[in-house]
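Below is a set of questions and answers on one protein chain.

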Amino acid sequence: MMREIRYGLAALRRRPLLGLVGWSVPEALPAALSGVAIARAVDDGFLAGRPVVGLLWLAGFMVASAIGAVGSRFVFRRLGELVEPMRDDLVSRVAGGALLGAVAGRPESGALARLTRQVETVRDTYAGLILIVRGFLVAVVGVAIGLLSVAPVVALLILPTFLLGFGLFLGTLGMAAARQRAAVLADERLAASATAVLGGIRDVFATGTEEHAAGLVARSIDEQAAAERALAWVSALRTLCFAVGGWLPLLTLLFAGPWLVRQGLTAGAIMGGLTYVLFGLQPALRNVISGLGGSGLRFVVTLGRILDACVPPHTAPRPAEPPRRHDLELRGVTFAYGPHAEPVLHNLNLSVPEGDHLAIVGPSGIGKSTLAGLLCGLLRPVGGVVDVGGVPAADLAPDRLAGIRVLIPQEAYVFAGTVWDNLTYLHPSASPEQVRAAAAAVGAEALVDRLGGDRAELVPAELSAGERQLLALVRAYLAPAPLAVLDEATCHLDPAAERRAEEAFAARPGTLIVIAHRVSSALRARRVLVLDGSTAVVGDHATLRSTSPLYRELLGHWQLEPAPAPG
């Protein structure tokens, strides 16, 4: 619980907090003057036979109440300045934690609930707690000032028992938070066991295991009932705390009344003390017990679950330093789209030395694009390791990984903007000469000229699929990343345009990996990786043609396909 309290206190910003305190001063006037006004109205007004004086005192109290209302209005204006920054920090933590988990291959379904329902619960309860604690402090300080001004002896009779009851309540908060958390966990276990049993109800009846299934749920029900009974005892303790802090001061003052009169205390002073207890201390204690015992526990438990699930940025593991070399190594890599899905790749081992030109071939749906995603660090294996220059890709920060590799998917992305913006997106500092050289190398100079030059505005919907691929190829060619992965990135180009683009990338410094969709891509590669679902074979074209039946089958299939129309 202390962690959550420290977080709540740390979220308070100094300037809005000072504004809140400043506007709380006029709000304290009614609490401070209520007993004084009653005492003076009785002693100096009504009992003295001067009702006008008594009414004037009561009117003064009404004016103080109006001033307090103005203070309350400005307090609520300051409240948002305290609450919203804390909410923004929690949203950043939840979103950042979810993204880090997804990048690390550990996506979770609870992030959405934390981002919507739980964060909003924390924000609302945090705002309520600020108002409750502030209102309690305003009331207690105002009552203390008023009691000391009416009769210090009355303050000595009332305040100690009030503070005793409040202190006893504070002592129950730790136990209450622990029991509230236990009740929440028990409720979650009950929901999980009930869902499991009800989901298999047909099997339960078919196998005659109703008694066993009922026992599974019964244990969770008993645990949840015990947790709720423990919470009920906490509620009983709160009632006792209120009796000590709220009613015992009143009884003390009433029993001490005759003695106070003999000491010369007036009836108005005693009535003023009673007013402070009934209309100042009791409501303040009731609100703080109800608020901290209800909203406070929800705040602690919900915030605790958010903080448990979200790693703050300063405690996140430090990303690995970028590798000095750029060879790729896959050791025992297994990947599946989901915990219960069949693996797309199983125990794959592959070495791609720096500067290699590798083509990846295989039937449609065999896992070629999945392998491209693993090589680029976009997917994380469920087993095995993908190393880049001897450094696990999972340990590299996304920005460092983006500086090492560039991936061009089959559906090339072109955004609204100028041709220049699209071509230099991955290399903003490229010179006009570099851009023109890249367009000429890939074979896109005629397209750029037809579009109106590199400063012309692009309308992506007006481009064909092949034109979008040419622009994306220029963008990737310009990128400083030493590893280029073409995932069927030329499938909408004619064979001549595809040849020119692939030869340009092969001559480009660095490593080239091509997901091949034509035999020509495999023939141009230095090595070919053949995926067939159960095994993976790598070698040059001549070797695979003599040793891999699947490769020979793919060659025959490709050679029978008609050439596509130009993009």
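Q: Is Asn347 buried, partly exposed or exposed?
A: In this predicted model, Asn347 sits in strand E2, which spans residues 345-352. Its relative accessibility is 47%. Buried means under 20% and exposed means over 50%, so the class of Asn347 is partly exposed.

Q: What is the phi of Asn347?
A: Most residues other than glycine have a negative phi. Asn347 is not a glycine, yet its phi is positive, at about 50°.

Q: Where is Glu488 found, and is Glu488 buried or exposed?
A: Glu488 is not a glycine, but has a positive phi of about 50°. Its place is the loop between E9 and H16. The relative accessible area of Glu488 is 18%, and the limit for buried is under 20%, so Glu488 is buried.

Q: How many residues does helix H16 have, and what distance does H16 reach from its first C-alpha to its last?
A: Helix H16 covers residues 495-507, which is 13 residues. At 1.5 Å a residue, a span of 18 Å is expected. The distance from the first C-alpha of H16 to the last is close to that, at 18 Å.

Q: Which residues of H16 are buried, and what arc do they cover around the axis?
A: The buried residues of H16 are Glu498, Ala501, Glu502, Ala504 and Phe505. They lie on the same side of H16, because the arc they cover around the axis is only 155°. On the other side of H16, the exposed residues are Ala496 and Ala507.

Q: Which helices and strands do the buried residues of H16 pack against?
A: The partners include two strands, E9 (483-487) and E10 (511-515). The helices that the buried residues of H16 pack against are H13 (432-442), H15 (465-478) and H17 (519-524).

Q: What distance separates the C-alpha atoms of Glu503 and Arg524?
A: Glu503 lies in helix H16 and counts as partly exposed, at 37% relative accessibility. Glu503 and Arg524 are 21 residues apart along the chain. Their C-alpha atoms are separated by 8.1 Å.

Q: What is the orientation of H5 and H7 to each other?
A: Helix H5 (residues 152-199) and helix H7 (residues 210-255) pack with their axes 8 Å apart. Their contact has 30 nonpolar, nine polar and six charged residues. The angle is about 170°, and angles over 145 degrees count as roughly antiparallel. H5 and H7 are therefore roughly antiparallel.

Q: Which residues is Ser220 in contact with, leaving aside its neighbours within four places in sequence?
A: Ser220 is in helix H7. At 10% relative accessibility, Ser220 counts as buried. With those sequence neighbours set aside, the contacts of Ser220 are Arg189, Leu190 and Ser193.

Q: What percentage of the residues in the chain is buried?
A: The chain has 19 helices and twelve strands. Of its 567 residues, the buried share is 46%.

Terms used. Residues numbered from 1 in each chain as written. Predicted model: local features only at pLDDT ≥ 70, side-chain atom pairs only at ≥ 80, totals over all residues. Heavy atoms only, no water. Axes fitted to C-alpha atoms, helices over the stretch in contact; angles between N-to-C directions. Helix = DSSP H or I, 4+ residues; strand = E, 2+ residues; numbered from the N terminus. Parallel < 35°, antiparallel > 145°, perpendicular 65-115°, else oblique. Nonpolar A, V, L, I, M, F, W, Y, C, P; charged D, E, K, R; others polar. Expected span 1.5 Å × (residues − 1). Buried < 20%, exposed > 50% of the residue type's maximum accessible area, 1.4 Å probe, protein only. Arc of directions from axis to C-beta. Contact = heavy atoms within 4.5 Å.
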